[in-house]
Amino acid sequence: MTTTNYYDVVVIGMELGPLAAGALLAKRGFRVLVVGQGSPKDLYECLGYRFNRRPFVLTSLDSPAIRRVLGELGIGQLFQHAVRTPNPIYQVILKNARVNVYNDVRSTGSEIRREFPKTGSMSEDLFGQLRWINSEIDKLFANDMVVPPDTFLEKREFARAEVQNPFRIGTDTFFWNKLDDKSDFKQFLETPVRFETAGASPLSPLVRYRQLAGWLFDCHAVENGRDGLREMLVDQIVGQGGDKQSNGQVAEIVVRKGRVQGVRLAGREELTGCRVVLTEMSPREISNLIPPNHWTKRFRTEVGDSPEPMLGYTFN
């Protein structure tokens, strides 16, 4: 098995999470390769007009985790110039209601009380609880944490986070559980969360409340959408000595004894060595790149439990 190039990390696809992780690793001295894997751009042109292939907004920009990433990469100022906050930010359309969500809570609260006269008065309680939960979650994400923990220090940090976890007391008293599942108000709250999580079910309380707070209090559009952020992160990787193959595709992930040895790019016989692969592909999609005789027991279980993905589209 011939290896012609070696990278510490290979990013497969152009999703923002793996690209951000790849940019941070490149900044810290790791050699990173980005392989486009056929990811189409979100923006495309037709008859002289520009369209979005799928909708995109960015939430929780004020979270400590995102602030730390932007600060370490040194792109905070550049990023802020690309952020746009329209007013209203978005609109939720239900069978019996149409609600605008604004960039100030007071206007959004007025919309809720108008459209949901029976339950809309509860919005102040909801906003207060969401802000408290979100501030507690921010404390968890303020420092680096390894999950699952292994060393003594990692376990100590994880134990500290468990104490700070706002869900340790249970969720019976939380606002969400007091709402009728069939009420229009709960459907309004649930719609952006299901949109963001691609309809995944069931959602953990942490995911539900984090997403809901982001969509209500900290939701923004970005100039050039996801494509602009992708370009920003890839430029960071290349600028730190990494490489990109925007049109390349990984045909196989080579695994030996449960560890990644490298990737084989389409049209090439030789192996591109690496220690780590970063991707947002589902276990089912990854399984197409790894021969079944090299699947680990855990991976085989995850492939069997992997749900079919749901996608969001824009009707133009």
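This is a predicted model: local features need pLDDT of at least 70, side-chain atom pairs count only at pLDDT 80 or more; totals for chains, interfaces and linings use all residues.
Before I show the sheets, a word on pairing: two strands are taken to pair if DSSP finds at least two bridges between them. With that rule, three strands form an open sheet in the order β5-β9-β6, and the pairing is antiparallel. The edge strands of this sheet are β5 (58–59) and β6 (83–84), each of which pairs on one side only. The labels themselves come from DSSP runs numbered from the N terminus, where helices are H or I runs of at least four residues and strands are E runs of at least two.

Residues are numbered from 1 along each chain as its sequence is written, and side-chain values use heavy atoms, with hydrogens and water left out.

Let me give the overall picture. The secondary structure of the protein chain comes to eleven helices and 13 strands, and the C-alpha trace spans about 70 × 60 × 40 Å along its principal axes. For 316 residues, a compact globule would have a radius of gyration near 20 Å, and the protein chain, with 22 Å, agrees with that; the radius is taken over C-alpha atoms, and the globule rule is 2.2 Å times the number of residues to the power 0.38.

The hairpin of β11 and β12 has two residues between the strands, and in it Lys257 takes a positive phi near 55°. From β12 the pairing continues to strand β13 (residues 271–279), again antiparallel, through two bridges, and here Val263 has Thr272 in β13 as its bridge partner. In the hairpin of β12 and β13, which has five residues between the strands, Gly267 takes a positive phi near 85°.

Now the backbone details in the loops. Most residues other than glycine have a negative phi, and most peptide bonds are trans. Against that background, Gln37, in the loop between β2 (32–35) and β3 (43–46), has a positive phi near 60°. The peptide bond from Asn87 to Pro88 is cis, with omega near 5°, and Pro88 is found in the loop between β6 and β7 (90–93).

Which helices pack against α1, and at what angles? For these angles, axes are lines fitted to C-alpha atoms, for helices over the stretch in contact, and the angles run from 0 to 180 degrees between N-to-C directions. Helix α1 (residues 16–27) and helix α2 (residues 64–73) have axes that come within 10 Å and cross at roughly 45°, whereas α1 and helix α9 (residues 225–239) pack at an angle of about 25°, with their axes 8 Å apart. Angles under 35 degrees count as roughly parallel, over 145 as roughly antiparallel, 65 to 115 as roughly perpendicular and the rest as oblique. So α1 is roughly parallel to α9, and α1 and α2 are oblique to each other.

As for contacts, meaning heavy atoms within 4.5 Å, Ala23, Leu24 and Lys27 in α1 meet Val69, Glu72 and Leu73 in α2. By class, that contact of α1 with α2 has four nonpolar, no polar and two charged residues. On α9, the residues met by α1 include Leu229, Leu233 and Ile237, and by class the contact of α1 with α9 has nine nonpolar, two polar and two charged residues. In this scheme Ala, Val, Leu, Ile, Met, Phe, Trp, Tyr, Cys and Pro count as nonpolar, Asp, Glu, Lys and Arg as charged, and the others, Gly among them, as polar.

The last pair is helix α5 (residues 123–140) and helix α8 (residues 205–217), whose axes come within 9 Å and cross at roughly 115°, which makes α5 roughly perpendicular to α8. Among the α5 residues in this contact are Leu126, Phe127 and Ile133, and among those of α8 are Tyr209, Leu212 and Phe217. By class, the contact of α5 with α8 has eleven nonpolar, two polar and three charged residues.
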